[in-house]
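Here's a quick walk through one model, starting with its ligand and moving out to a few helices. Have the structure open as you read.

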Amino acid sequence: MNERELERRARVAQLLLRAARTLGETVDPDRIYDRFHDLLAELVLHDGVLVSSYDNTDGLIRCDYAWSDGTRLDISVFPPVPLNREGEGMQSRVIVSGEPLLFNDVAEVVQRPGGTYYDVDREGNVRKLPESGPPGSSAAMMVPVKHEGRVVGVVQVMANSGSYTLEQLELVDGIVQQMAAAVRNARLQREQRRLEAAEAAARAVAAEREQAAFVLDLVGDGIFLVDEAGIVRLWNRAAAQVTELSAEDVCGSALTDAIPEWPTLVERIPISQHGQSTRSVTLPVAVGEHDLWLSFVAVRGDGGTVYAFRDLTSERRLDDEKSDMISTISHELRTPMAAVYGAARTLLEREDELTWEQRRQMLEMVAEQATRLSEITEAVLLATQLDRNTLSVETEPVDLGELARSTVEAMKAHLPPTTDMDVNVAPDVGTASGARDRIQQVLVNLIDNAVKYGGHTPVRVRVEPANGHIRVVVADSGPGIPQAEQSRIFEKFYRAGPELTRAAGGTGLGLYISRELVQRMGGRLDVQSEPGAGAAFVVELPSAEADVAAQLWRLSS
Ligand code: ADP
């Protein structure tokens with residue numbers, strides 16, 4: 001190798017090193033092209049440069065950078081051209097062969113058939129060659145850009161006059177590969193930044209969703225989303241709590257599976273569109289075992305309709321109780337008050353006409369009705385105390401057999417002698433734990449009901465042991481209580497059957513008070529009844545022995 005050649009190689013190496021440094025300094029592909037062009041200008045005289053890329057998935061060649069006659073051109077003026085597989089166009093030939101080309105006779109080359117040639121002037125005007133006249137260039141170099149052994153683009157350098165040498169071609173090839181590597185790197189970095197940004201955005205959206213779901217679960221109102229096909233897509237925690245249907249059970253299925261009457265309900269719920277305000281409606285909804293009163297509002301959105309609801313069941317029950325109370329109490333008070341008023345007026349206005357006996361009867365009636373009035377107010381007060389939990393019930397050992405007997409005897413004294421009533425106490429029944437007066441109050445109420453509603457059938461009172469408890473059963477053989485009413489008769493102010501209500505006076509508080517009292521003594525009160533076959537009210541109280549054992553257990557543990 002001669003000295004000149006050595007010197008040349010050293011220059012090439014130096015140049016490539018500088019190219020690598022300059023091109024690697026930026027990660028903006030546009031700036032890389034400009035720097036590449038500056039480097040190129042130091043090497044070869046030229047009037048035009050084109051950098052294009054080849055995509056083998058669609059077989060198209062696209063222009064990435066163009067410079068002509070001192071100006072950088074807008075690349076959108078170059079239409080993508082398909083690769084000519086026969087390799088007859090100049091770019092296509094380089095892509096297909098993977099070899100660089102050097103022409104010093106461009107005017108002649110473009111005359112050859114089969115290829116597509118364009119010439120571009122400094123204004124970016126593209127003209128097809130050779131139809132639109134001879135090309136502006138006389139010499140051209142074409143260098144393939146390779147990546148992992150495949151041709152991924154071509155760089156063309158053109159001169160309007162003069163010619164290029166193989167040595168220049170070699171130099172240009174060197175910086176073209178450097179430029180291509182820098183562009184690839186820049187594109188990779190840009191892609192990575194884009195992916196990172198997309199990932200960050202996706203993470204932000206996910207976090208927002210999570211936050212929204214969290215908030216939805218925290219709100220006290222039930223919220224659910226029903227899509228256009230009627231399928232539940234969201235069911236928040238409050239919705240699950242109120243309805244006792246879990247999100248897993250409801251989501252993904254038609255809402256009618258959970259709430260069969262939904263189609264009729266939904267017609268009554270006004271749905272707000274486009275953010276207008278709307279009013280709420282309160283509707284009775286049967287969900288599984290429960291009868292609920294739910295107040296709904298609804299908003300239509302993109303993914304379906306969002307319903308929010310509030311459980312007003314207890315408020316509604318309270319309202320019902322209030323109106324029941326007012327109607328029962330006023331009805332119950334009216335009768336004795338009218339009687340007292342009538343008697344008082346008669347005594348005042350016609351005292352002289354009345355016999356001593358008539359006067360006594362009237363005064364007795366006044367006293368009786370006054371007792372009834374005070375009983376009613378007592379019952380209301382007691383129910384209020386039980387509601388507010390301000391009643392304390394002290395327990396002691398109580399002989400239930402003796403208590404049942406004496407209560408029946410005392411009641412018989414006030415009832416017609418024809419009333420058939422007896423007490424049966426099992427032997428060795430033991431003592432119960434409870435408050436004697438309160439147990440008596442319960443028994444009086446149950447016996448009184450059996451007489452009032454039992455249709456003059458015999459009333460049987462039984463006292464017997466029952467598995468650590470002592471049981472008192474008050475049974476009649478009257479009309480009994482329909483299944484549907486059996487739990488309701490223990491509600492405050494509830495009175496079954498209107499004909500009964502009218503026939504026998506009452507406040508509907510007796511069984512409510514009785515059950516509450518028995519429960520406060522650690523026992524229970526239930527009813528067993530087959531309609532037509534009488535009713536048996538069963539009181540169970542803890543036996544005093546068992547209660548002492550339980551207390552000892554509690555103290556020692
Ligand atoms: P009241 O007797 O003041 O109506 P209660 O709470 O004692 O209130 O009773 C509630 C309802 O239960 C009564 O109105 C009646 O309809 C029903 N009931 C209670 N005992 C019997 C019974 N032995 N047989 C049939 N129905 C009964």
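For sorting residues by class, Ala, Val, Leu, Ile, Met, Phe, Trp, Tyr, Cys and Pro count as nonpolar, Asp, Glu, Lys and Arg as charged, and the others, Gly among them, as polar. On that basis, the shell around the ligand has 10 nonpolar, 7 polar and 3 charged residues. Before going on: this is a predicted model, so local features need pLDDT of at least 70 and side-chain atom pairs count only at pLDDT 80 or more, while totals for chains, interfaces and linings use all residues. Residues are numbered from 1 along each chain as its sequence is written, and side-chain values use heavy atoms, with hydrogens and water left out.

**The ligand**

In all, 20 residues surround the ligand, and the closest are Y453, R495, T507, G508 and L511; to be counted as near, a residue needs a heavy atom within 4 Å.

| Residue | Part of residue | Distance to a ligand oxygen |
|---|---|---|
| R495 | side-chain N or O atom | 2.5 Å |
| G508 | polar backbone atom | 2.8 Å |
| L511 | polar backbone atom | 2.8 Å |

The protein covers 98% of the 530 Å² of accessible area that the ligand has on its own (Shrake-Rupley method, 1.4 Å probe; for residues, only the protein chains shown count as cover). Helices here are DSSP runs of H or I with at least four residues, and strands are runs of E with at least two, numbered from the N terminus.

**T407**

T407 sits in helix α12 (residues 400–414). Is T407 buried or exposed? It's buried, at a relative accessible area of 1%; buried means under 20%, exposed over 50%, and partly exposed in between (1.4 Å probe, protein chains only). A polar atom of the T407 side chain lies 2.6 Å from the backbone oxygen of L403. Beyond neighbours within four places in sequence, T407 is in contact (heavy atoms within 4.5 Å) with Q440, L443, V444 and I447.

**Helix α5**

The buried residues of α5 (residues 166–218) include L169, I175 and M179. Those buried residues pack against α1, α2, β1, β5, β8 and β9.

Terms used
Polar contact = N/O pair within 3.5 Å; in protein donor to acceptor, adjacent residues only side chain to side chain. Expected span 1.5 Å × (residues − 1).
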